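User: I'm new to reading structures, and I'd like to learn where the labels come from. Could we go through this one together?

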Amino acid sequence: MADEFQRQQRGKRPTFPLNLLSEIVLDDADAEHLVDNILPLRGLATIYGPPGSAKTFLALDLALSVAGGLPFFGKEVSQGGVVYIAAEAGAGLKKRVIAARAEKEMLDSAPFAMIALAPHLGPKRSEAAVLIADIQRQWPYAAPVRLIIIDTLARTLSGADENSSADMGGFVANAAAIAAAFNHCLVLVVHHSGKDAERGMRGSSSLNGATDCEWQLSGDDIRTVTLRKMKDDEDGLAWSFRLEKRQVSGNSGKHSRSTCVVVPETLPKPAETNAARPKPGGVRKLVLESVYDALGTHGEVMPVCEDLPRCKGVMRKYVKQNAVLRGVGNAENPKSQNSLINKELGVLNADEWIRQWGDWIWLPN
């Protein structure tokens, strides 16, 4: 039977073609980056930061730079079509587009289009196929779509759980399908950071595992962009910008409205980092890992109390259970073991790795 299968397969075009070593070569004409050294040409990328960090302003500035073939913070771009899905700002994004277009002195013919609705891109009742078909049917430009921006992830999950690896995995799969439909273009997702900025984006780590590139925003008056991840290239670059107010007018020219545009402060260069404080080691590291795991498994919003912040915490007993499972202390002497865990929690609290009060433990903001 196996021989019969092999005979049937001879002469057929292979489903999984082999690329021989001698055939694996790079085409010098192929671009690797959508923006030189800081954004890949294809795949999945994210811009994330806290509320008010100007994520949308930066994403829009990038979008118009790509559509217009204009440098982005001094970096060359691979010009192409851009679709901006304004799932959060909706029609309110229009005045920002008008102001940025004028600032860049762009032609109206640049291949840019906006969608002012939020498609559902979660794991259930996904509208990814409808979105792809609608873009393909309506796209009027000769230039191929090279960048699709989804702003924001939360609005397109439509009730799905960001902390669920299954739900986030569904979003990632839909983003991959969208990218594949447009010759494996880049899908860029605008997302929020978690309460602890050092731990990256909000929600399940499955998104971080799937990304090819991540930009993190921080700061107030002067915003800093840090290249936290760049697959197959150098990360750790940083650049900065400020927002400047502009006035835009409606079609009649009678009504003026204010918005902001991005003004570069510095160009991408290796970030200057302060010496990182040494991370806990030994038993202390095991206890800190016990806190992280307990928060993931048993974490909940803490009760209303003047001594507790309104954030996710975990009861001390679950942390201790995890610490015991990790072999902290002498299991044959429970009293001594409990004393050691409490001592290490106290040191972690003093060093600001955790916060604790009564039966509750949480992470600093």
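User: What volume does the second largest pocket have, and what makes it a pocket and not a cavity?

Analyst: Its volume is about 300 Å³. On a 1 Å grid over the protein atoms alone, a cavity is a set of points where a 1.4 Å probe fits but cannot get out, whereas a pocket is an open set with protein on both sides within 12 Å along at least five of seven lines. The grid points are joined across faces, edges and corners, and the volume is the space filled by probe spheres set on them. Keep in mind that this is a predicted model, where local features need pLDDT of at least 70 and side-chain atom pairs count only at pLDDT 80 or more, while totals for chains, interfaces and linings use all residues. Residues are numbered from 1 along each chain as its sequence is written, and side-chain values use heavy atoms, leaving out hydrogens and water.

User: Which residues line this pocket closest to its centre?

Analyst: A lining residue has an atom within 4 Å of a point. There are 15 of them here, and the closest to the centre are Ile115, Leu131, Asp134, Ile135 and Gln138. Strand E5 (112-115) and helix H4 (128-138) are the elements that give two or more residues, and H4 supplies the largest share, 5 residues. Those names are DSSP runs numbered from the N terminus: helices are H or I with at least four residues, strands are E with at least two.

User: How many of the lining residues are nonpolar, polar and charged?

Analyst: The lining has 12 nonpolar, 1 polar and 2 charged residues. Here Ala, Val, Leu, Ile, Met, Phe, Trp, Tyr, Cys and Pro count as nonpolar, Asp, Glu, Lys and Arg as charged, and the others, Gly among them, as polar.

User: How do you know that the span of helix H2 agrees with its number of residues?

Analyst: The expected span is 1.5 Å times one less than the number of residues. For the 14 residues of H2 (residues 55-68) that gives 20 Å, and the end C-alpha atoms are 20 Å apart, so the two agree. Just after H2, glycine 69 has a positive phi of about 65°.

User: What makes H2 mostly covered?

Analyst: Buried means under 20% relative accessible area, exposed means over 50%, and partly exposed is in between (1.4 Å probe, protein chains only). In H2, 13 of the 14 residues are buried. In the loop between H2 and E4, we find glycine 74; its relative accessible area is 60%, so it is exposed.

User: What makes E12 and E14 edge strands?

Analyst: They belong to an open sheet of 4 strands in the order E12-E13-E15-E14, with antiparallel pairing. Strand E12 (300-301) and E14 each pair on one side only. Inside the sheet, 2 bridges join strand E13 (residues 312-315) to strand E15 (residues 360-362), and isoleucine 361 in E15 is the bridge partner of valine 314.

User: Why is glutamate 105 called exposed?

Analyst: Its relative accessible area is 72%, so it counts as exposed. Glutamate 105 sits in the loop between helix H3 (94-104) and E5, and has a positive phi of about 55° although it is not a glycine.

Note on methods: Pairing = 2+ DSSP bridges.
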